[in-house]
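Q: Could you take me through this model? I'd like to go from strand pairing to the aromatic side chains.

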Amino acid sequence: MRRISRITVAGAATASLALALSACGGTSTSSGSSESKEGKGLAIAYDVGGKGDQSFNDAAFAGLEKAKKEFGYETADVEPTDGETDADKEQRLVSLAKQGYNPIVGVGYAYASAVKAAAEKFPDTTFGIVDDATVEAKNVADLVFSEEQASYLAGVAAAKSTKTDVVGFVGGVDIPLIHKFRAGFEQGVKDTDPKVKVISQFLTQTAEEGGFSSPDKGKSAAEGQIEKKADVVYAAAGLSGQGVIEAAAANKVWAIGVDSDQYKQEALAKYKDSILTSAMKDVAKAVYNLAKSVEDGKPATGIVKGDLKTGEVSLSNSNPKFADDAELQKAIETAKEKIISGEIKVKSS
């Protein structure tokens with residue numbers, strides 16, 4: 001339960017300062033009130049790519065910002081460091097717990113070991129981890145999503161939009177999580193039009209090699225697929241996906257974004273007319289909901305899953321050319337209804 005009730009000071013000035021955590025990466029904190037240590041709330045620790053990836057990490061930050069605004073407490077968000085170990089991640093989470101933040105969310109499966117260890121040391125603090133369901137503890141919420149369902153719909157969109165009958169998939173790292181994106185996408189394409197060919201590629205075998213944080217790798221992979229006639233390219237690659245979108249725009253083909261509505265991302269504004277849609281998972285909502293559960297005195301724990309039925313995975317409709325295509329929208333809506341009803345069972349590998 002929350003240690004104290006919240007008292008938000010109306011009109012209080014928002015202060016921001018940069019801090020340093022030894023061996024823990026950079027931290028920014030922002031206070032919505034003048035409370036002491038007990039007034040600290042949500043803290044997030046970013047995955048590789050960090051803040052500004054226009055995708056996964058930025059979605060988590062959006063959830064933090066909403067919680068800060070609504071609950072009027074101090075928040076923190078911490079950047080990763082190059083070549084960091086599980087011990088570094090654990091120290092980062094422990095430092096946040098010692099400072100009084102609650103809940104604390106590790107953004108990404110790479111935090112599994114660190115979250116488990118930190119949660120054991122601070123049983124009265126609620127921890128969350130995004131994209132991992134392996135941490136079992138009374139004070140841990142595993143925030144996971146049915147990415148394969150949104151990816152299936154992306155596959156429907158790709159199959160209905162291609163003119164060359166070739167589409168591409170670029171995965172950041174060759175791991176089970178990204179296999180879910182590929183499996184759903186390929187199934188959606190094939191169920192919609194069996195004659196459409198899917199070219200799939202993973203950028204790296206491990207995250208440490210930069211699969212989620214290297215736009216140049218994404219751009220090169222997409223260019224290779226476009227040379228093979230792909231005219232719709234879907235990226236599930238974090239920051240590397242920016243390179244895929246850039247390549248699509250340069251070659252006047254479609255890109256499909258991921259995690260956030262990338263059509264609306266300011267950093268991608270010059271490419272937005274080439275972003276057909278984005279296969280979204282609402283990391284912001286999951287992070288915010290965890291903060292709210294703690295604020296309400298009923299911390300969420302265990303596996304907390306978002307899917308098409310809950311509305312936490314979806315396709316974005318921001319691009320008018322996509323939204324106004326009645327035939328395409330009908331095909332997507334039909335597929336969505338069949339997935340929710342169980343008529344279509346989407347593969348996750």
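Q: What's the bridge partner of Phe145 in E13?
A: The partner of Phe145 in E13 is Gly306, and E7 and strand E13 (residues 302–306) pair in the parallel sense over five bridges, where pairing requires that DSSP finds at least two bridges between the strands. Helices (H or I, at least four residues) and strands (E, at least two) are DSSP runs, numbered from the N terminus.

Q: Before going on, how are residues numbered, and what limits apply to a predicted model?
A: Residues are numbered from 1 along each chain as its sequence is written. This is a predicted model, in which local features need pLDDT of at least 70 and side-chain atom pairs count only at pLDDT 80 or more, while totals for chains, interfaces and linings use all residues, and side-chain values use heavy atoms, with hydrogens and water left out.

Q: Is E7 mostly covered or mostly open?
A: Strand E7 (residues 140–145) is mostly covered, with six of its six residues buried, buried being under 20% relative accessible area, exposed over 50% and partly exposed in between (1.4 Å probe, protein chains only). Val140, Asp142 and Val144 point one way, whereas Ala141, Leu143 and Phe145 point the other way.

Q: Switching to aromatics: how many pairs are there?
A: The structure holds six aromatic pairs, counted when ring centres of Phe, Tyr or Trp (its six-membered ring) lie within 6.5 Å, with planes under 30 degrees apart called stacked, over 60 edge-to-face and the rest tilted. One of them joins Phe169 and Phe185, whose centres are 6.3 Å apart and whose planes are at 35 degrees, so the pair is tilted.

Q: Where do those two sit?
A: Phe169 lies in strand E8 (residues 166–173) and Phe185 in helix H5 (residues 176–192), so the pair ties together parts that are 16 residues apart in sequence. Both Phe169 and Phe185 are buried.

Q: What about Phe169 with Tyr234?
A: Phe169 and Tyr234 form an edge-to-face pair, 5.7 Å centre to centre with 65 degrees between the planes. This pair links distant parts of the chain, since Tyr234 is in strand E10 (residues 232–236), 65 residues from Phe169. Tyr234 counts as buried because its relative accessibility is 0%.

Q: Which residues make up the cluster?
A: Phe169, Phe185, Phe202 and Tyr234 form one aromatic cluster.
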